[in-house]
Amino acid sequence: MDATVFIVAATIIMGGAIGVVLSRNPVHAALFLVGTLFGVAVLFVLQDATFLAAVQVIVYAGAIVILFLFVIMLLGVDRAEDLGVEPIAGQRPLAAVIGASMVGLLLTVLLVAVDGPTGKSATTAPLGDAGGNTRRLGEALFTDYVFAVELTALLLTVAVVGAVVLSRRVTGPLQPIPGPDPRSEQSGDTPDGADRAEEEAAQ
Amino acid sequence: MVLAADPLFDAGVDGRVLVVVLLKVGVAFALLLVAVMLMIWFERKLIGDMQNRIGPAVAGPWGILQTLADGIKLFFKEDLLPDQADRTVFRLAPYLSLVPAFLTFAIVPIGGNFTDGADGTVSLLGRRTLLQVADPPVGILLFLALSSIAVYGVMLAGWSSGSKYPLLGSVRATAQMISYEAALGLSIASVFLVSGTLSTSGIVAGQATWNWNVAATGVVPFLVFVVAGTAELNRPPFDLVEAEQELVGGFHTEYSSIRFALFYLAEFMNMITMSAIAVTLFLGGPNGPILIDGIAWMWPILWFFLKVLAFLFTFVWLRATLPRFRYDQLMDLGWKVLIPVSLGWFLLIAALNVARDRGWPVIVVVAVGMLALLAGSALLSGAIAKAGSAERPAVGSDDREGLHS
């Protein structure tokens, strides 16, 4: 039973991962990524980590990939990209090298460090009663690892404040949104400010 | 694997357990479909009454078969596929909308006696089982996970249509659903603090003696849940996702025939499921007095359906009464009112829990907590007002301090 679930989930994960890389359309790639994340959630359930499985779906599939899709749609880059252009010089050889070393690392782990896949759960028994998993996780996070949790919270807050500061820097009074009159665009002294006013109106 | 806390699986899985599970799945499936059929009729009839007209009256007695007739008509209509559509995603989207709507109902306990220490199980084919399809240990988190999956259906439907009005509708819908999911989750977190469990049957069992969570959490999370839930459903007054005057039909403009029917089905099914979840979380689920002992098993089911019906009536009532929100008002309500309020209330309940554990005087904790919340909200509204006046100065005016929008 466990082995069957693992094989099905692993197939979904690998299929999704390959789809992400091979899709020419960014939206399709994001959808394959959702498939991969779901497969990982199934593996979490298989390991009796039900809380992690739920959080995996809520946070990754429900928030992060949605955000990807949102940006893709709003920026209108949902067309197949021209692969002839290399945006960052030397990016592709470097990616090949890093990818090959990752494969080597994983193969080493698989062949040397482990006796071979056992098909068994990492834990030998579920943690206590049915609700025990979530409870244990909460206790560990807010007692042993409370410092790390607080630091992460601080980091996220700094990131949010930073994003707000970067995206909404107000320098001087903003210009009103240019009307249909073409002269207003020519006479507008700060086109940057006009753009920002438009953006804010859209928000 | 721990699949569920249901006593059904305690003695292993055999043929009879399988039959019980299939029976529960089948009943839940059929129940939802029939409920949707009646709900659409109920809404049209009720709106008709509220607007002083008759409503559907032709198909069947009181027009009760109107939905069935509409469904058959939609089924035989031509299935259009726009030229610019992304075919695979266009075909996939309705199912991404419909499947979460079905699955969410699986965690709702629709019956069972939880009073006097009873564990809410009933006997089916000689096996003890809970009257819900699944009782996973993460319980209500499954609802949050599935409602975040349902966003994909709406979002991809609009994008894959390859047309601008559906795209605008789906961008609006996605922004709205993500924004209100935060408030929804925070109000549910208050219930966790009071119940001490994630499992739906556990939450219902904790409300067995009239101590319903709506009072135990102090009403505010319930109100936030209802408002955020209405927005999550894209129901009026938060239905600017499909504002006909601006967006034609919103994200499903390009859909026709049975695919459109699937979206319609999912919308009404979500409404029923959201009502059922609200009843489970805040209104005691199937708990209620048992009035006649002879049919004792039936009363919890009856109470559950009555409570759900009250919610459904309210949704229709809201639609007939309130005008639609403007987009900026919607975002303001979500981010500047509902999320801070539910977060503050969550902190207050957490403080009360600590006070109870440590034996601190409750009155003092409530007073200090309220003062802290008031100070926090004053700071927040001050900051919002300041940001608003800095953003929108009057044209040609340098005096930005004196302006408040």
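Trainee: Starting with chain A, what share of its contacts with a separation of 6 or more comes from residues 24 or more positions apart?

Mentor: In chain A, 48% of the contacts with a separation of 6 or more are between residues 24 or more positions apart, and please keep in mind that this is a predicted model.

Trainee: How many helices and strands are there in chain A?

Mentor: Chain A has 8 helices and 0 strands, so that its elements, read from the N terminus, run α-α-α-α-α-α-α-α.

Trainee: And what percentage of chain A counts as buried?

Mentor: Chain A has 203 residues, of which 16% count as buried.

Trainee: Switching to the largest nonpolar core, which residues touch the most other members?

Mentor: That core has 113 residues, and those touching the most other members are Ala54(A), Val36(B), Leu142(B), Ala228(B), Phe268(B) and Ile272(B). Helix 4 of chain B, residues 140-160, gives the most to this core, with 15 residues. As a general point, nonpolar side chains in soluble globular proteins tend to be buried together.

Trainee: What does Ile272(B) touch, leaving out residues up to four places away in sequence?

Mentor: With those left out, Ile272(B) touches Leu32(B), Ala35(B), Val36(B) and Met39(B), together with Val308(B) and Leu312(B).

Trainee: On to the backbone: which peptide bond is cis in chain B?

Mentor: The bond from Pro236(B) to Pro237(B) is cis, with omega near 5 degrees, and Pro237(B) is placed in the loop between helix 8 (220-232) and helix 9 (244-247) of chain B.

Trainee: What about Asn52(B), where does it lie?

Mentor: Asn52(B) lies in the loop between helix 1 (15-50) and helix 2 (66-75) of chain B, and has a positive phi of about 60 degrees although it is not a glycine.

Trainee: Why does Asn52(B) count as exposed?

Mentor: Asn52(B) counts as exposed because it has 6 C-beta neighbours inside 10 Å, where the cut-off for exposed is 12 or fewer.

Trainee: And Ser257(B), what is its phi?

Mentor: Ser257(B), also not a glycine, has a positive phi of about 55 degrees, but Ser257(B) lies in helix 10 of chain B, residues 257-282. Ser257(B) counts as partly exposed because it has 15 C-beta neighbours inside 10 Å.

Trainee: Last topic, how is chain B divided into domains?

Mentor: Chain B is divided into domain 1, covering 7-346, and domain 2, covering 361-405, and the C-alpha centres of these domains of chain B lie 36 Å apart.

Note on methods
Residues numbered from 1 in each chain as written. Chains lettered and ligands numbered in written order. Predicted model: local features only at pLDDT ≥ 70, side-chain atom pairs only at ≥ 80, totals over all residues. Helix = DSSP H or I, 4+ residues; strand = E, 2+ residues; numbered from the N terminus. Buried ≥ 20, exposed ≤ 12 C-beta atoms within 10 Å, placed from the backbone. Contact = placed C-beta atoms within 7 Å. Core = buried A, V, L, I, M, F, W, Y, C linked by C-beta atoms within 7 Å. Domains from an automatic or database assignment.
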